[in-house]
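Here's a quick briefing to read alongside the model. Have the sequence and the 3D view open as you go.

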Amino acid sequence: MSVGSYYSATFWARASTPRTITVVAAPPQGGEVAHGLADLTTSWQQFQVVFYPIASASTTLQFHLGANAGDVWFDDIHFQAGISSIYRRDFQHGIVMVNP
């Protein structure tokens with residue numbers, strides 16, 4: 001990750017009970033370059049956590065789950081440079097996608 005550029009982690013997730021998790025971009029040797037939050041529910045949702053790093057470094061993506069007991073499921077995790085401008089909302093009888 002480089003200072004001055006945006007990065008994003010995009011993933012699907014759900015939890016056995018509603019909870020907030022912290023998503024961290026951190027160097028393998030420790031420390032933190034950037035972080036964001038995701039509010040999980042008991043239904044599958046797609047999340048995009050945007051990072052604007054405070055330092056340039058090689059990073060790993062971490063999900064901090066230890067604040068609450070319970071199960072958390074993830075699927076289709078991507079970590080990439082840039083931000084997707086497409087927003088998706090799932091409903092019982094369909095999906096709405098917006099590309100502003």
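## Briefing

Ala-69 touches Thr-17 and Arg-19, leaving aside residues up to four places away in sequence; a contact here means heavy atoms within 4.5 Å. Keep in mind that this is a predicted model, where local features need pLDDT of at least 70, side-chain atom pairs count only at pLDDT 80 or more, and totals for chains, interfaces and linings use all residues. Residues are numbered from 1 along each chain as its sequence is written, and side-chain values use heavy atoms, with hydrogens and water left out.

**Around Ala-69**

- Ala-69 sits in the loop between β5 (60-64) and β6 (72-81); strands are DSSP runs of E with at least two residues, helices are runs of H or I with at least four, and both are numbered from the N terminus.
- With a relative accessible area of 71%, Ala-69 is exposed. The cut-offs are under 20% relative accessible area for buried, over 50% for exposed and partly exposed in between, using a 1.4 Å probe and protein chains only.
- Pro-27 is 42 residues from Ala-69 along the chain, and their C-alpha atoms are separated by 26 Å.

**Overall layout**

- The chain has eight strands and zero helices, so to speak a plain β-β-β-β-β-β-β-β pattern when read along the sequence.
- Its C-alpha trace spans about 45 × 40 × 15 Å along the principal axes.
- Of the chain's 100 residues, 26% count as buried.
- Take the contacts with a separation of 6 or more: 69% of them are between residues 24 or more positions apart.
- The accessible surface comes to about 6300 Å², and carbon and sulfur atoms hold 52% of that. Accessible areas come from the Shrake-Rupley method with a 1.4 Å probe, and for residues only the protein chains shown count as cover.

**The nonpolar core**

- The largest nonpolar core has 17 residues, and those with the most contacts inside it are Phe-11, Val-23, Ala-38, Leu-40 and Phe-51. Such a core is a set of buried Ala, Val, Leu, Ile, Met, Phe, Trp, Tyr and Cys residues joined through side-chain atoms within 4.5 Å.
- At least two residues of this core come from each of β1 (7-15), β2 (19-26), β3 (34-40) and β4 (45-51).
- The largest share, five residues, is supplied by β1.
- As background, nonpolar side chains in soluble globular proteins tend to be buried together.
- Val-23 is in strand β2 and counts as buried, at 0% relative accessibility.
- Among the residues that Val-23 touches beyond four places in sequence are Ala-9, Phe-11, Val-49, Phe-51 and Leu-61.
- Val-23 and Val-49 are 26 residues apart in sequence, yet 7.4 Å apart in space, C-alpha to C-alpha.

**Phe-11 and the aromatics**

- Phe-11 counts as buried at 0% relative accessibility, and its contacts beyond four places in sequence include Val-23, Ala-38, Phe-47, Phe-63, Phe-74 and Asp-76.
- The structure holds six aromatic pairs. Rings of Phe, Tyr and Trp (its six-membered ring) pair if their centres lie within 6.5 Å; planes under 30 degrees apart count as stacked, over 60 as edge-to-face and the rest as tilted.
- One of these is stacked: the rings of Phe-11 and Phe-47 have centres 5.5 Å apart and planes at 25°.
- That pair links distant parts of the chain, with Phe-11 in strand β1 and Phe-47 in strand β4, 36 residues apart.
- Phe-47 counts as buried too, at 11% relative accessibility.
- Phe-11 and Phe-63 form an edge-to-face pair, 5.2 Å centre to centre with 85° between the planes.
- Phe-11 lies in strand β1 and Phe-63 in strand β5, so this pair ties together parts 52 residues apart in sequence.
- At 22% relative accessibility, Phe-63 counts as partly exposed.
- Phe-11, Phe-47, Phe-63 and Phe-74 form one aromatic cluster.

**A backbone detail**

- Asp-76, in strand β6, has a phi near 55°, a positive value in a residue other than glycine.
- Asp-76 is partly exposed, with a relative accessible area of 41%.
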